[in-house]
Amino acid sequence: PFFFNDTATTEIYTLSLHDALPIYTVDRQGSNVYATVSKGYRAGGYNIQMFSDILQSELTANASGAMGGDYDVPHTDADYERVNKTITYKPEESWNYELGAHLNLFSGMLHADFAAYYMTIRNQQLSVMAGDYGFGRMMVNAGRSRSFGFEAALRGSAVDNRLSWAATYAFTRATFTEYSETDDGNRVDYKGNSIPFVPAHTLSLRADMRFPISRAAARAIVVGADLTAQGRTYWDEANTASQPFYALLGLHAGVQCGNATLRLWCRNVTNTRYATFAFSSSASGSELWFAQRGNPIQIGRAHV
């Protein structure tokens, strides 16, 4: 949700070899293991928004010369190279490898999914603030990067199917393997740094308990709780700012009657303070950080 693009359309093409690789069934309950290899491609494009910022910057820098009449703004080859680098970005390409399993255990009472993956990306596209030309956003290429990690998901039921629960966890290590830029004549190397906006950990837990209030199967009281968490998430390539790991607790209760359900819910019960997005800008002459806070405690109802 944090990445924007100035092109009219952006398409992602993936060539998958999934069907060409074997999937092995390991029991009669449908459990299996699998392996996939895929090639991904994301089109490059133009930072259309940056044209106005570049022109405004040029007019401001040459205002005194233009006051006397006709004036040709001087440009060097380095100026043209910088402008071309600003307004265009290259296609992004990736190779993705995944190994996993889907398991159905205890006569379907427990379902488990596990996956480990490795991904290499060339010319990774990043959305950054345009520090030299204003407050606009632009897409840049980050050379090469790699990501690896694993995911696990469990879901099941108990107490004569009155209790349903689910749990997921994912770990991701996404880093630059080749990415540098020049800042005020100094070369800055981001090799080994974490890729912005990618949380290292994501976690979710959910449990619902159903209490029948009559012999009719469609009449019951349902109470439950859920927990979502993620972090640490870095906001810039230099890894100077980040959102630490945080968790959000939710509670809900509802009355089910036939096909209708009245549900009361509360999100972020502990009123946790966290940021959903942050960025820095030096357009004003000094570096300033801006952040969007996450929603505080919320209470509501739903009728379905």
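## Exercise 1: A nonpolar surface patch

Phe211, Ile213, Ile221, Val223 and Val255 together make up a nonpolar patch on the surface, with about 390 Å² of accessible area. The model is a predicted one.

**Task.** State in which strand Ile221 is placed, and decide whether Ile221 counts as buried, partly exposed or exposed.

**Solution.** 
1. Ile221 belongs to strand 15, which covers residues 219-231.
2. The relative accessibility of Ile221 is 35%.

## Exercise 2: The chain as a whole

**Task.** Describe the protein chain by its helices and strands, its buried share and its accessible surface.

**Solution.** 
1. The protein chain has three helices and 22 strands.
2. Of its 304 residues, 31% count as buried.
3. The accessible surface of the protein chain comes to about 18,700 Å². Carbon and sulfur atoms account for 57% of this surface.
4. Contacts can also be sorted by separation in sequence. Among those between residues at least 6 apart, 60% join residues at least 24 apart.

## Exercise 3: The nonpolar cores

**Task.** Identify the residues of the largest nonpolar core and the elements that give two or more residues to this core.

**Solution.** 
1. The largest nonpolar core consists of 10 residues: Leu126, Val128, Met138, Val140, Ala142, Ala174, Phe176, Tyr179, Tyr190 and Ile195.
2. Two or more of these residues come from each of strand 8 (125-129), strand 9 (137-141) and strand 11 (163-178).
3. A second, separate core has six residues, among them Phe197, Trp235, Ala275 and Phe277.
4. As background, nonpolar side chains in soluble globular proteins tend to be buried together.
5. Tyr179 is one of the residues of the largest core. Apart from neighbours within four places in sequence, Tyr179 is in contact with residues including Leu126, Val140, Ala142 and Tyr190.

## Exercise 4: Salt bridges

**Task.** For the salt bridges Lys39 with Glu93, Arg155 with Asp113 and Arg144 with Glu178, give the distance between N and O and locate each partner.

**Solution.** 
1. The whole structure holds four salt bridges. In general, side chains of opposite charge can pair when their charged atoms come close.
2. In the salt bridge between Lys39 and Glu93, the closest N and O atoms are 3.7 Å apart. Lys39 lies in strand 3 and Glu93 in strand 6 (residues 92-105), so this pair ties together parts that are 54 residues apart in sequence.
3. Arg155 and Asp113 meet at 3.3 Å, N to O. Because Arg155 lies in strand 10 (residues 144-158) and Asp113 in strand 7 (residues 110-122), the pair ties together parts that are 42 residues apart in sequence.
4. For Arg144 and Glu178 the distance is 3.6 Å, N to O. Arg144 is in strand 10 and Glu178 in strand 11, 34 residues apart.
5. Arg144 counts as partly exposed at 36% relative accessibility, and Glu178 is partly exposed with a relative accessible area of 46%.

## Exercise 5: Backbone exceptions

**Task.** State what kind of peptide bond runs from Gly231 to Arg232, and give the phi of Asn123 and of Val159.

**Solution.** 
1. Most residues other than glycine have a negative phi, and most peptide bonds are trans.
2. The peptide bond from Gly231 to Arg232 is cis, with omega near -15°. Arg232 is in the loop between strand 15 and strand 16 (233-234).
3. Asn123 is not a glycine, yet has a positive phi of about 55°. Its place is in the loop between strand 7 and strand 8.
4. Val159, also not a glycine, has a positive phi of about 55°. Val159 lies in the loop between strand 10 and strand 11.

Technical notes:
Residues are numbered from 1 along each chain as its sequence is written. This is a predicted model: local features need pLDDT of at least 70, side-chain atom pairs count only at pLDDT 80 or more; totals for chains, interfaces and linings use all residues. Side-chain values use heavy atoms; hydrogens and water are left out. A nonpolar core is a set of buried Ala, Val, Leu, Ile, Met, Phe, Trp, Tyr and Cys residues joined through side-chain atoms within 4.5 Å. Buried means under 20% relative accessible area, exposed over 50%, partly exposed in between (1.4 Å probe, protein chains only). Helices (H or I, at least four residues) and strands (E, at least two) are DSSP runs, numbered from the N terminus. Contact means heavy atoms within 4.5 Å. Patches are made of residues with over 30% relative accessible area and no salt bridge: like charges are joined within 9 Å, nonpolar side chains (Val, Leu, Ile, Met, Phe, Trp, Tyr) within 5 Å. Accessible areas come from the Shrake-Rupley method with a 1.4 Å probe; for residues, only the protein chains shown count as cover. A salt bridge is a side-chain nitrogen of Lys or Arg within 4 Å of a carboxyl oxygen of Asp or Glu.
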